[in-house]
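I opened the model to look up a few local features. My notes follow in the order I took them.

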Amino acid sequence: MPTIKIDGVEIEIENGTTLLQACEQSGAEVPRFCFHERLSIAGNCRMCLVEVKGTPKPQASCAMSVNDLRPGPNGELPEVFTRTPQVKKAREGVMEFLLINHPLDCPICDQGGECDLQDQAMAYGKSYNRFVENKRAIEDKYLGPLVKTEMTRCIQCTRCVRFTTEVGGVEELGATGRGEDMEITTYLDKAMTSELQGNVIDLCPVGALTSAPYEFKARPWELRKTDTIDAMDAVGSNIRVDARGSEVMRILPRTHEDVNEEWISDKTRFVWDGLKSQRLDRPYIRELGKLRAASWSEAFARIVQRVKAAKPERMGVILGDLVGAEEAFSWKQLATSLGIKSIDCRQDGTPLGEQGGRAGYLFNSSIAGIEEADAIMLIGTNPRLEAPVLNARIRKRILKGGCIIGVIGEKADLTYKYHYMGTGAESLATLAEHAPAKAQKPMFIIGQGALARSDGAAILALAAKAAAAIGVVKENWNGFNILHTASGRVGALDVCALPGEGGKSTRGILAAAKKGDLDVLFLGGADEINTNEFATTFVVYVGTHGDAGAHRADVILPAAAYTEKSVTYVNTEGRAQMTTRAAFPPGEAREDWAILRALSEALGVTQAWNSLEELRQAMYAIAPQLAALDQLFPADAAALSELGRGEGKTSSAAFISPVKDFYMTNPIARASRTMAECSAVKNASKLQAAE
Amino acid sequence: MSVRRLDPVQPESFAFSAENMAWAKKTIGNYPVGKQASAVIALLWRAQEQNAGWLSKPAMEYVGQMLDMAFIRVYEVATFYTMFQLSPVGRKAHIQVCGTTPCMLRGAEDLKKVCQRKIHHDPHHVSADGNFSWEEAECLGACVNAPMVQIWKDTYEDLTPESFEKLLDDLVAGRSVKPGPQNGRQLSAPEGGPTSLNDKSLYNGNRTFKRVEAPPPPPAPPAAAAPVAAPVAVAAAPAPKAPAKKVVAKKTAPAKTPAKKKR
């Protein structure tokens with residue numbers, strides 16, 4: 001721990017810290033463009049120059065370690081200055097050089113108002129320019145449908161190149177040419193393929209890379225910023241939703257070291273235009289085979305009529321992927337009070353939640369725990385598509401070295417090299433007879449590709465046996481991890497939105513509907529089921545978008561999307577996080593809990609709460625862990641042995657990830673034009689690769 | 001220097017000849033396993049030599065595949081170094097005219113005019129007959145013999161527009177040309193013969209040299225000198241600086257130190 005003096009203040013700094021970080025720790029501000037804590041050090045923008053006592057020239061503080069400093073001739077502490085005339089002059093000089101070729105088009109630049117260069121030019125630059133020659137211009141590049149380029153503005157910090165290479169794991173961006181002709185580009189204008197590419201927009205300190213869907217839409221100072229939680233995957237990324245009026249204009253990441261660091265996937269970032277199209281903004285009822293707009297009371301009356309006529313055994317509830325914990329709890333309560341036992345929150349048919357307690361369906365080691373693991377086994381999952389941010393964490397772990405990784409399932413490009421162990425259950429069975437691993441902290445990551453199938457329970461049992469054989473559960477380490485794909489799944493499992501005694505699970509409900517044994521089916525935003533095969537079932541759809549569920553529905557009740565309500569989402573590791581309303585739901589749409597409360601009253605089984613707060617209190621009584629937001633409670637690992645006792649025959653079918661098209665996994669994404677474009681680009685490039 | 005892009009017309013494919021392949025494998029073997037990408041410049045250079053002096057897109061991708069590198073990484077290298085030609089070059093010669101200051105002062109502009117007249121108005125364009133192409137290069141390190149051009153691996157120095165034109169004509173005609181100075185001078189020796197050490201008598205053995213002995217070392221200062229000097233220096237200190245210096249300078253060396261410190 002070297003001690004140094006920064007601007008006359010003594011400070012003790014950890015080994016290996018850069019001078020820039022040391023200055024920040026001591027409270028001194030150091031401007032920078034190329035330096036980023038999570039990327040490698042480039043040292044090419046020179047904006048972070050500071051004066052180091054004993055050196056004749058200013059030093060780039062980002063590229064110098066505190067351990068490089070030497071004491072004075074009589075053993076004085078090394079000294080660094082950030083406020084001397086020399087430093088001021090150096091910064092002014094660097095800024096002047098940067099502005100030689102940077103266009104002064106701030107009024108038409110999307111970055112205006114949140115631009116590092118703009119801010120730093122104000123703070124550290126000169127008020128005039130001595131450069132009278134022409135500025136050089138650079139051709140714009142095509143990087144795909146998400147990232148818009150204006151390359152003349154580029155200051156060649158190479159953050160984007162380092163991000164795609166190091167974090168994204170795809171070597172696509174590069175800097176070609178040299179000197180003033182240096183250009184950032186992909187290889188011959190190919191679209192980027194990373195699922196994390198949107199992050200280069202945040203990383204770009206100038207307006208060279210900006211968001212294409214957000215192009216010329218708004219200025220940062222007119223947006224209302226709301227901190228909330230993402231619902232596109234089960235990672236629970238922390239996001240900030242920027243809205244103007246009732247319109248969501250863009251979504252940005254927030255930093256949460258244990259969840260998403262500071263990255264978010266493209267689906268999270270660019271899905272917002274899906275919040276505006278295909279929306280259900282008023283109730284509908286089906287008459288003579290056609291949906292017509294109706295009032296709430298009409299819609300309720302129709303439901304009451306059908307529910308009263310049906311027996312509880314002939315009714316069912318299926319909850320979708322985006323359902324919040326409060327809603328799942330409310331659905332469960334409503335179903336119970338109506339005597340419905342066939343309720344399931346697992347629309348993909350996964351067997352999770354039935355055995356093994358909470359440990360049986362959580363990502364037990366936690367997401368941050370990936371960085372401690374020394375052996376990782378991916379079973380039936382493609383984390384690159386199912387949870388790109390989590391995949392970046394795995395990649396980070398592997399790059400650090402000392403971690404082996406194997407895959408059972410699809411042989412996909414995961415952005416890192418792995419040992420391929422086989423396609424399906426047979427390979428998993430060999431693991432069950434494996435000797436205990438030498439690794440100290442081995443980890444299984446089991447995806448829905450292995451579980452969401454008819455033999456899922458048998459495979460889960462097999463995986464538990466393999467986990468026991470290899471020893472992924474130890475004292476102080478539980479490496480038995482389930483990777484969910486649905487943001488609402490863990491929360492719904494936490495509040496036990498599962499079939500009651502003798503009730504049917506999703507598969508049973510769907511089979512009954514097909515056979516005509518089901519009179520009424522409630523869909524709580526469930527769209528990823530086959531709705532075409534329902535025979536005479538009366539379908540009530542409570543949801544946000546005109547997707548598969550709404551197309552088959554007999555009554556549609558319009559609900560609020562994840563940015564329009566406050567609900568609790570529990571991510572795959574069991575971390576409860578609460579969303580905040582960023583905008584109001586459109587038209588007559590209401591928050592789900594309020595719809596259910598009103599429906600319960602119409603059905604004569606009035607729920608015991610009058611506000612969301614009261615609902616939450618009731619929910620916390622059965623799932624107290626949800627009350628502690630943003631905290632992890634290690635689940636009881638002993639319950640896992642229960643999983644391993646399960647028997648059953650496994651089929652030899654290969655594990656296939658449930659996410660076939662990353663950009664099309666939920667009704668909001670399917671309604672998004674941007675996501676559709678991304679999907680088309682991806683499929684086109686896939687076709688090209690196949691040729 | 002200008003923006004460098006791939007040529008719009010590209011060949012179908014590229015593959016190393018058997019001989020170059022053997023060489024490439026050996027070159028890759030020079031680097032530790034996993035660091036094979038270090039061979040990229042060497043391989044690109046060899047590919048350029050095989051491919052009639054320029055680097056095509058298939059050649060770059062071939063090298064990229066061989067070294068397990070992303071194509072963008074190869075592309076970065078190929079566009080960074082101007083020694084890689086990204087568009088076709090002349091069959092007989094690709095002429096790199098040095099245009100950096102010494103050559104420019106000695107007439108490189110005139111050589112460029114010759115190029116523009118005889119080859120093509122713009123650099124990096126092949127002449128109508130396909131024999132030549134030209135470009136302006138940065139300093140090629142033969143400033144003594146300015147102006148000069150480089151053709152393939154040889155340099156032709158001390159050019160005038162006339163001798164340069166003759167050189168081009170000779171190349172077209174297939175006559176042998178001699179690299180180096182084109183005005184008859186020997187390497188970088190002075191033009192028109194030697195200008196120093198040219199006294200004949202230096203070499204006929206008649207001159208005798210007198211040995212010059214080293215001067216004797218100065219006598220050691222007397223042992224008492226230092227104590228005596230110190231009081232003087234101290235005494236002189238309050239006086240104005242200049243006289244103090246004078247006094248010290250006259251004294252022996254050790255006295256200097258206290259006086260200097262005082263200042």
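Is Cys496(A) buried, exposed or partly exposed? I find a relative accessibility of 44%, so Cys496(A) counts as partly exposed. The classes are buried under 20% relative accessible area, exposed over 50% and partly exposed in between, with a 1.4 Å probe and protein chains only.

Ground rules next. I note that this is a predicted model, where local features need pLDDT of at least 70, side-chain atom pairs count only at pLDDT 80 or more, and totals for chains, interfaces and linings use all residues. Residues are numbered from 1 along each chain as its sequence is written, chains are lettered from A and ligands numbered from 1 in the order in which they are written, and side-chain values use heavy atoms, with hydrogens and water left out.

Backbone of the cysteine. Cys496(A) is not a glycine, yet its phi is positive, about 60 degrees. I place Cys496(A) in the loop between helix 14 (489–494) and helix 15 (506–515) of chain A. Helices (H or I, at least four residues) and strands (E, at least two) are DSSP runs, numbered from the N terminus.

Chain B has a positive phi too: Asp158(B), near 50 degrees. I find Asp158(B) in the loop between strand 4 (154–157) and helix 7 (161–173) of chain B. Asp158(B) has a relative accessible area of 5%, so I log it as buried.

I also checked a proline. The peptide bond from Ala146(B) to Pro147(B) is cis, with omega near -10 degrees. Pro147(B) sits in the loop between strand 2 (132–137) and strand 3 (149–151) of chain B.

Then the sheet. In chain A I see an open sheet of three strands, order 10-11-12, with antiparallel pairing. Strands pair if DSSP finds at least two bridges between them. Strand 10 (224–229) and strand 12 (247–253) of chain A are at the edges with a single partner strand each, so one side of each has no neighbour in the sheet. Six bridges join strand 10 of chain A to strand 11 (residues 238–244) of chain A. One entry: Thr226(A) has Val241(A) in strand 11 of chain A as its bridge partner.

Last, a helix pair. Helix 8 (residues 325–337) and helix 18 (residues 612–622) of chain A pack at about 80 degrees, axes 10 Å apart. I therefore call helix 8 and helix 18 of chain A roughly perpendicular. Angles of 65 to 115 degrees get that label, under 35 roughly parallel, over 145 roughly antiparallel, and the rest oblique. Axes are lines fitted to C-alpha atoms, for helices over the stretch in contact, and angles run from 0 to 180 degrees between N-to-C directions.
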